[in-house]
Amino acid sequence: MSFFKDFFKNIIHDRNPEEDNIKVKGKVMPVFYGTVAPYPDFSASKDAAVLQSAIESKGVDEDVIISVLVKRNNEQRQKIKAVFEASTGQSLNRALKRALRSDLEDICLALLMPPAHYDAYLIRDATKRLGTDEDVLVEVLVTRSNEEIRQLKRVYKEEYGDELEDVIKDETKGDFTRALLAMLKANKDENTEVDMSQAQKDAETLFEAGENSKGIDVSAFIDILTTRSGPQLSKTFQRYACVSDVTLPKALNVELRGDIEDCLLNIVKCAWSTPAFFAEKLHRAMERHGTCEDTLIRVLVSRSEVDLKKILEEYRAMYDSTLQEDILKDTKHHFENILLKLCGPH
């Protein structure tokens, strides 16, 4: 379990949840932790014309394309797409596919997808390739809100004609399937208040279902870990340490194997800190020989308007280097440039 010890060793523990809200004109509003905000002097027609010129110029101007896409948020990019098609008679996606190559093409096309469509694309790609990518399935379902999961299921049905639950049943098996289907129900408690008596009860239930029985009752773990809020689970983990001689992550490691172990451990990690969960993903994408560009694209695109500032903060605390420094070491050319710009000012 050294990997789990390393995960928790340097993550930021003392952030006050109340700091995630600010008052705007007397109303409590969530603090924006994204790195890509709405462009203040936005003009969809001007941006569409600039992109058309950059794409059609002699020698594609990748720097201009990057600058426009990264400095506009997703809502603004959708408007640019609509104006581009209306004015040129072709889709911006097709134009960029012809103009760009490799990882730069992939990340630019990802930036042009609305969030729910991008999630649906990720799930489709993870289940239709040779060998299901279980890590991507878990990452998407563990880190999205109830509403985002409901939108994902709706868009998946519209785009690909299948119910997402049926796809999961066909492409996975056993307890792992049950855990994914439980998350797809989108009934996770999203209340940030903690019920101490429920935390104690859940800790005892998990202990009885795992360490204190001959055969582990996986359904009890799935039920609790997929329906409780992050703050509630964090308190449950603390209470578990009081009723057991080991931590819950260690108990899961001892009792479970394979995809279901990884799935439930990732839920535990996200309950403690979703930004730290993604920081670890990014570090692993670059720590070994050969960079996993797909992971860099997936995380930076999906979190750029959510919590990428927090992820950058956790990355530095956990690995004693900045994400930008590691991107500079592991990537190059225009792909490096767009990744750095998504990270914001450095």
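My entries follow, one topic at a time.

**Entry 1: salt bridges**

I'm working from a predicted model, so I kept to its confidence cut-off for side-chain pairs, pLDDT 80 or more. How many salt bridges are there? The count comes to 18.

Buried or exposed? Both Arg 72 and Asp 47 are buried.

Next I looked at Glu 147 and Arg 150, a salt bridge with an N to O distance of 3.3 Å. They are three residues apart in helix H9 (residues 146-160), so about one helical turn separates them. I found Glu 147 partly exposed at 39% relative accessibility, and Arg 150 is partly exposed as well, at 41%.

Then came Asp 175 and Arg 178, whose side chains meet at 2.8 Å, N to O, in a salt bridge. This pair is also about one helical turn apart, being three residues apart in helix H11 (residues 174-184). Asp 175 is partly exposed at 26% and Arg 178 is partly exposed at 41%. I also noted a network: salt bridges with shared partners join Asp 125, Arg 129 and Asp 133.

**Entry 2: nonpolar core**

I went to the largest nonpolar core, which has 99 residues. Which of them touch the most other members? My list reads Ile 65, Leu 96, Ile 107, Leu 264, Leu 300, Leu 323 and Ile 338. Helix H16 (residues 259-272) gives the most to this core, eight residues.

I zoomed in on Ile 65. Leaving out residues up to four places away in sequence, Ile 65 touches Leu 51, Ala 54, Ile 55, Val 60, Leu 96, Leu 100 and Cys 108.

**Entry 3: Leu 328**

I picked Leu 328, which is in helix H20 (residues 323-330). With a relative accessible area of 44%, Leu 328 counts as partly exposed. Its contacts, again without residues up to four places away in sequence, are Glu 336 and Leu 340. I also checked Leu 339: it is eleven residues from Leu 328 in sequence and 9.4 Å away, C-alpha to C-alpha.

**Entry 4: helix H19**

I ran a length check on helix H19 (residues 308-319). At 1.5 Å a residue its twelve residues should span 16 Å, and the end C-alpha atoms are 16 Å apart, so the two agree. Which residues of H19 are buried? I got Leu 308, Lys 310, Ile 311, Leu 312, Glu 314, Tyr 315 and Met 318. Just after H19, I noticed that Asp 320 takes a positive phi of about 55 degrees.

**Entry 5: second largest pocket**

Last stop was the second largest pocket, with about 1100 Å³ of space. It is lined by 41 residues, and Leu 122, Val 136, Asp 294, Thr 295 and Arg 298 lie nearest its centre. Which helix supplies the largest share of the lining? It's H7, with six residues. Helices that supply at least two residues each include helix H5 (92-99), helix H8 (134-143) and helix H18 (293-303).

Conventions. Residues numbered from 1 in each chain as written. Predicted model: local features only at pLDDT ≥ 70, side-chain atom pairs only at ≥ 80, totals over all residues. Heavy atoms only, no water. Salt bridge = Lys/Arg side-chain N within 4 Å of Asp/Glu carboxyl O. Buried < 20%, exposed > 50% of the residue type's maximum accessible area, 1.4 Å probe, protein only. Helix = DSSP H or I, 4+ residues; strand = E, 2+ residues; numbered from the N terminus. Core = buried A, V, L, I, M, F, W, Y, C linked by side-chain atoms within 4.5 Å. Contact = heavy atoms within 4.5 Å. Expected span 1.5 Å × (residues − 1). 1 Å grid on protein atoms, 1.4 Å probe; cavity = no way out; pocket = protein on both sides within 12 Å on 5 of 7 lines; lining within 4 Å. Points joined across faces, edges and corners; volume = space filled by probe spheres on them.
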